[in-house]
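Hi,

Here is the structure I promised to pass on. Have a look at it first, and then read on for what turned up.

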Amino acid sequence: AESAGPDQPATGADIGALSDVPVGGSLAATLDGAPVLLAQPTAGAVVCFSAICTHQGCPVNAAGAEFDCPCHGSRFDAATGDVIRGPAIDPLTPIAVSVSGDRIVAAS
Ligand code: FES
């Protein structure tokens, strides 16, 4: 988390730096202490998902263009959150974000 200050975005909680998220890849982060996953499928287009696996609740890892659950091997598309491989059936829960300069913030 960044230190609070006059530059702090007023719109929502800070999640991370846009420049830390690889284009075509992904990054694990936190939002208000909860694990989330960021991805940048195309330059400047950022998506965010809860990292809680929809199968049985394990934290899912960022793995490039996919997210991988270490518990039972579910895999999700990092661009959409959709299931690529089960046992999970439901997609990861999306979190609305916006980009302010280089900061990714929760849209509220
Ligand atoms: Fe993620 Fe089972 S909890 S695959």
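**The aromatic pair**

The count of aromatic pairs in this predicted model comes to one. It is made by Phe49 and Phe67: their ring centres are 5.9 Å apart and the planes meet at 65°, so the pair is edge-to-face, for which the angle has to be over 60 degrees. Phe49 belongs to strand 4 and Phe67 to strand 6 (residues 66-68), so the pair ties together parts that are 18 residues apart in sequence.

**Leu38 and its surroundings**

Phe67 also turns up in the contact list of Leu38, a residue of strand 3 (residues 34-42). Leu38 counts as buried, because its relative accessibility is 0%. Setting aside neighbours within four places in sequence, Leu38 is in contact with Ile15, Val21, Gly25, Ser26, Leu27, Ala29, Val46, Val47, Cys48, Phe67 and Ile104.

**Strands 1, 10 and 11**

Which strands pair with strand 11? One is strand 1 (residues 14-17), which runs antiparallel to strand 11 (residues 103-106) with three bridges. Strand 10 (residues 97-100) is also antiparallel to strand 11, with four bridges. Ile104 has a place in both pairings: Gly16 stands opposite Ile104, and Val99 has Ile104 as its bridge partner.

The hairpin of strand 10 and strand 11 has two residues between the strands, and Gly101 there takes a positive phi near 65°.

**Ser50**

Back to strand 4 (residues 45-50), where Ser50 sits. With 17% relative accessibility, Ser50 counts as buried, since the cut-off is under 20%. What does the side chain of Ser50 reach? The answer is the backbone nitrogen of Ile52, at 3.2 Å. Not counting residues up to four places away in sequence, Ser50 touches Pro35, Val36, Leu37, Leu92, Thr93 and Ile95.

Those are the spots I would show you on screen.

Cheers

Terms used:
Residues numbered from 1 in each chain as written. Predicted model: local features only at pLDDT ≥ 70, side-chain atom pairs only at ≥ 80, totals over all residues. Heavy atoms only, no water. Pairing = 2+ DSSP bridges. Buried < 20%, exposed > 50% of the residue type's maximum accessible area, 1.4 Å probe, protein only. Polar contact = N/O pair within 3.5 Å; in protein donor to acceptor, adjacent residues only side chain to side chain. Contact = heavy atoms within 4.5 Å. Phe/Tyr/Trp six-rings, centres within 6.5 Å; stacked < 30°, edge-to-face > 60°.
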